[in-house]
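Subject: Structure handover

Hello,

Here is the structure I promised to pass on. Please open it and keep it beside this email.

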Amino acid sequence: MGRMTRHSIAEHKRILLVGVGAIGGLYAAYLAKVSDVAVLDTNRTHVEAIRRHGLALTGRTESVTTLAAFASAAEMGKRSFDAVIVTFQNGMGNAELLEGLCDLEVAHGVSFEAARHDGPGRVHHLVHGEDSWLGPARGKVEAIAWLGELLTRSGLPTKVVADPRGAIWGKFIFNSVMNPIGAIVRGVNAARYEVPEMRALIDDMAAECVRVAEALGIRLEFDPMYLVKKIRAGESPLTKHAGSMAQDIEAGRETELEAITGYVVRKAKELGVPVPVTESVYRMAKGVEYAARARREGG
């Protein structure tokens, strides 16, 4: 996230979302209910569809939102914004990248919303309702409090904290564990919950990832696997959503494997923390990626 200025929450905010695929599109539609939202995306077909028909959400949210949409910065002209939301990728290193590109205040955090880009102008909302977390990577927490309030008012409950790393690592560990396993079981979510051996694998892998976080001095804000435990206990329904990595492999897109599970493996090696289960899952997921690519290419 980029430039943020101090204003009363009562003032009408101008927000630019850069990249409006799945989660970016979802946030754009929600924020448009309480602020003036523009979107920028290099997918011109997607942008044209939004211009002609609006941005359509289906699934957990059913809506069509009219937005100012642009396919290049040049098309926007001289517009000013109170905040620029520019990245929704999982994994580590995004905030540092933004800090290197500008001298503005930068915020980072996590969202437990899940969505799928269903084609030009369409986003399918898969998972909704868990709190998001937001805090400064550079700057003071007071400078971004209004954005958290705005997100909460829009229907995306958001906690603003001075140091969001504990929350970021909570979600990061969840993704590092569940995403590659979702890809290995070919996107069949029930396999992650109904097969005892898979449940044991998930628990062992999560314990290793927590040890890496502890070695880094990260104090986790919540149990990274609490959503998994709620589903196992029958407190939350088992959905068909097996994670974005399975979707990416099916669609032929590059996955986030290196930025999540690969990062854990590399960091563990630096710290001297043994992570044999995590490393094995990472190796298998690399093979799944290769096999899917070879199948698409006729190999």
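This is a predicted model: local features need pLDDT of at least 70, side-chain atom pairs count only at pLDDT 80 or more; totals for chains, interfaces and linings use all residues.

Residues are numbered from 1 along each chain as its sequence is written, and side-chain values use heavy atoms, with hydrogens and water left out.

Start with helix α2, residues 44–53. Helices (H or I, at least four residues) and strands (E, at least two) are DSSP runs, numbered from the N terminus. The buried residues of α2 are His 46, Val 47, Ala 49 and Ile 50. Buried means under 20% relative accessible area, exposed over 50%, and partly exposed in between (1.4 Å probe, protein chains only). Seen down the axis, the buried residues fall within an arc of 160°, so they line one face of α2. That arc is taken from the directions from the helix axis to the C-beta atoms. They pack against β3, β5, β8 and β9. The face turned away carries exposed Thr 45 and Arg 52.

Now the helix ends. Asn 43 caps the N-terminal end of α2, with a side-chain oxygen 3.3 Å from the backbone nitrogen of Thr 45. Gly 54 follows α2, and its phi is positive, near 85°.

Next, Thr 61. Thr 61 sits in the loop between β3 (55–59) and β4 (63–65). Thr 61 counts as buried because its relative accessibility is 11%. Leaving aside neighbours within four places in sequence, Thr 61 is in contact (heavy atoms within 4.5 Å) with Tyr 30 and His 125.

Best wishes

Definitions and conventions. A polar contact is a pair of N or O atoms within 3.5 Å; within protein, one must be able to donate a hydrogen and the other to accept it, and residues adjacent in sequence count only if both atoms are side-chain atoms.
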